[in-house]
Amino acid sequence: MDNDVSAGSTTTIVGRLALGITLLAFGLGHTAVIDQVTAADAVTVAQYVGGVALFVAGLLALRDRDTASGTAFTVLGALWFTWAVSADNQVSANAAGLFLLLFALVALTLTFAGGDALGQGTYGLLCVSLLMLAVGSFADSTALGKAGGWFAVGAGAVAWYAATAVLAHWPTSMPRRAAGRGVTV
């Protein structure tokens, strides 16, 4: 059995699709760009797709010895499941901000953990999103919440592209030019 897991492994593709869908729903809800759609409308998607499906994809990735994807997907699955099941609970803005800040730190760890550029881009945008949402929650700022929502949309789009690119054989990296060779006019 081959234990080398590429960026295009089945569990990575499924995990990135689940993360992408969840982030798009969550982010678009925070942006308020679609009339009468809020972040609360993303609870079901977050619970089942972002929580359960992402967590299971993470466990399967860990079984395949893909520790980077396995760690990311199980931790983020726990984040989405926790967010979804506690969405109806009344907590203070500071408690919500702390929750978001702690998971921003997790996203920061995932960003620096390595992997391919699309994965790092997804986690980096997620980190910025959660950080903006946390600060917006602490400061009671809807503008920061909307900005954080747009970063979540960006993270979701990158995750979706990363999964789709593998399936559709689209490019997943930019070609590099030779060192010392500039553009001439």
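For accessibility I call a residue buried under 20% relative accessible area, exposed over 50%, and partly exposed in between, with a 1.4 Å probe and protein chains only. The model is predicted, so I kept in mind that local features need pLDDT of at least 70 and side-chain atom pairs count only at pLDDT 80 or more, while totals for chains, interfaces and linings use all residues. Residues are numbered from 1 along each chain as its sequence is written, and side-chain values use heavy atoms, with hydrogens and water left out.

I searched the whole structure for salt bridges (a side-chain nitrogen of Lys or Arg within 4 Å of a carboxyl oxygen of Asp or Glu) and found two. In one, Asp116 pairs with Arg16, with the closest N and O atoms 2.7 Å apart. This pair links distant parts of the chain, 100 residues apart, since Asp116 lies in the loop between α4 (93–112) and α5 (117–139) and Arg16 in helix α1 (residues 10–31); helices are DSSP runs of H or I, at least four residues, numbered from the N terminus. I noted Asp116 as partly exposed at 26% relative accessibility, and Arg16 as buried at 9%.

Arg63 forms a salt bridge with Asp64, the closest N and O atoms being 3.8 Å apart. Here Arg63 is exposed, with a relative accessible area of 62%, whereas Asp64 is partly exposed at 26%.

I then checked which residues Trp80 contacts (heavy atoms within 4.5 Å): leaving out residues up to four places away in sequence, they include Leu19, Phe26, Ala46 and Leu54.

How values were computed:
Helix = DSSP H or I, 4+ residues; strand = E, 2+ residues; numbered from the N terminus.
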